[in-house]
Amino acid sequence: MKIGPRLEAVASFVPNDASVLDIGCDHAKLDIYLVKNKLAKKAVASDIAEGPLSHAKKNIKRHKLTRDIETRLGRGLDTYTTDLDTVVISGLGGKSMMGIFKYSRKKLKTIKTIVISPNNYQSDIKRCLNHLGYYIEDETLVKDGKYIYQVIKLVKGKKLYSKKEMFFGPVILTKKDQLFKEYFSREVKSREILLDILPKNYRLKRFQTKREIKMLKKELEN
Ligand SMILES: C[S@@+](CC[C@H](N)C(=O)[O-])C[C@H]1O[C@@H](n2cnc3c(N)ncnc32)[C@H](O)[C@@H]1O
């Protein structure tokens with residue numbers, strides 16, 4: 001089954017022996033891919049809404065995996081059980097992800113690995129998970145259609161990061177692969193557009209945005 005470069009990158013960060021909870025599974029393509037290709041020991045597909053979950057159930061049935069992939073209806077980590085050591089969330093906004101982890105921080109005790117691919121607020125969710133006791137083991141940029149996504153693997157443990165590492169991503173910064181320039185040039189452009197429309201009295205936001213543009217341009221020149 002083809003799942004596209006973004007979900008393939010997510011799957012590649014799931015440990016082989018993992019028991020996975022996929023939060024916001026929608027179609028459950030990731031879970032089907034993981035189980036069919038024996039890339040995880042177990043997968044549970046969960047979603048907050050009935051519609052996507054019934055879509056997931058149909059897909060799972062079509063692939064004859066009803067005995068292998070459990071489906072659970074619920075919000076965020078409400079569907080988590082302690083037999084699962086890995087949580088995947090992809091395709092949600094960074095702020096929603098922060099809410100999910102902060103709201104259920106007690107459940108993090110038994111979660112060893114977290115794989116995320118946030119649609120936005122990437123630095124914020126990384127910083128949040130770092131404060132909650134995880135470090136960034138790996139991360140990558142992946143192009144899927146016209147968009148470039150960040151995919152991040154976090155593992156339980158402590159590590160301190162500089163502001164610059166948190167902004168660009170500590171591993172993304174060391175890899176500096178071919179997508180780096182394209183991705184962060186887009187980040188410059190979106191901030192320049194923002195500066196054009198931000199009212200003059202939004203002094204702090206304008207100051208922060210200008211500072212970020214400067215930092216981005218400096219890194220892109222190196
Ligand atoms: C854009 S889809 C992403 C699907 C898939 N994870 C992917 O990356 O392609 C987002 C899904 O997350 C679900 N969702 C949104 N907020 C959620 C939450 N707090 N808990 C569980 N599921 C949620 C939505 O119902 C939707 O099916």
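1. Let me start with T209, which is found in helix α9, residues 203-221. Please keep in mind throughout that this is a predicted model. T209 counts as partly exposed because 17 other C-beta atoms lie within 10 Å, while a residue needs 20 or more to be called buried. Leaving aside residues up to four places away in sequence, T209 touches R191, L194 and L195.

2. The axes of α8 and α9 come within 10 Å and cross at roughly 155 degrees. An angle over 145 degrees counts as roughly antiparallel, so α8 is roughly antiparallel to α9. The crossing of these two helices is left-handed. From α8, the contact draws on K181, F184, S185, E187, V188, R191, E192, L194 and L195. From α9 come R206, T209, K210, E212, I213, L216, K217, E219 and L220. By class, the residues in the contact of α8 with α9 are seven nonpolar, two polar and nine charged.

3. Helix α1 (residues 4-12) packs with helix α2 (residues 29-36) at an angle of about 50 degrees, and their axes are 10 Å apart. The two are therefore oblique to each other, and the crossing of α1 and α2 is right-handed. On the α1 side the contact involves L7, V10 and A11, which meet K29, L30, Y33 and L34 in α2. The contact of α1 with α2 has six nonpolar residues, no polar ones and one charged.

4. Now for the sheet. Which order do the seven strands take? They form an open sheet in the order β3-β2-β1-β4-β5-β7-β6, with mixed pairing. β3 (69-73) and β6 (134-144) stand at the edges with a single partner strand each, so one side of each has no neighbour in the sheet. From one strand to the next, the twist averages 20 degrees.

5. Strand β1 (residues 19-23) pairs with strand β4 (residues 86-90) in the parallel sense, over four bridges. V20 has T86 in β4 as its bridge partner. β1 also pairs with β2 in the parallel sense, here over five bridges, and D22 stands opposite A45 in β2. Is β1 mostly covered or mostly uncovered? Mostly covered: four of its five residues are buried.

6. At the β6 end of the sheet, the pairing is antiparallel, with ten bridges joining β6 to β7. D144 has Y147 in β7 as its bridge partner. Two residues lie between the strands of this hairpin, and G145 takes a positive phi near 65 degrees there.

7. Helix α5 (residues 122-131) lies across β5, β6 and β7 and runs at about 160 degrees to β6. As for α1, recall that β1 and β4 pair in the parallel sense; α1 packs on the sheet, where it touches β4, β5 (113-117), β6 and β7 (147-156). The direction of α1 makes about 160 degrees with that of β6.

8. Phi of K38 is near 50 degrees, a positive value in a residue other than glycine. K38 sits in the loop between α2 and β2 (42-47). It is exposed because 8 other C-beta atoms lie within 10 Å, and 12 or fewer is the cut-off for that class. K176 likewise has a positive phi without being a glycine, with a value near 40 degrees. Its place is in the loop between α7 (170-175) and α8 (178-197). With 13 other C-beta atoms within 10 Å, K176 is partly exposed.

Terms used. Residues are numbered from 1 along each chain as its sequence is written. This is a predicted model: local features need pLDDT of at least 70, side-chain atom pairs count only at pLDDT 80 or more; totals for chains, interfaces and linings use all residues. Axes are lines fitted to C-alpha atoms, for helices over the stretch in contact, and angles run from 0 to 180 degrees between N-to-C directions. Angles under 35 degrees count as roughly parallel, over 145 as roughly antiparallel, 65 to 115 as roughly perpendicular and the rest as oblique. A crossing is left-handed if the near helix is turned anticlockwise from the far one by less than a right angle, and right-handed if clockwise. Two residues are in contact if their C-beta atoms, placed from the backbone, lie within 7 Å. Ala, Val, Leu, Ile, Met, Phe, Trp, Tyr, Cys and Pro count as nonpolar, Asp, Glu, Lys and Arg as charged, and the others, Gly among them, as polar. Two strands pair if DSSP finds at least two bridges between them.
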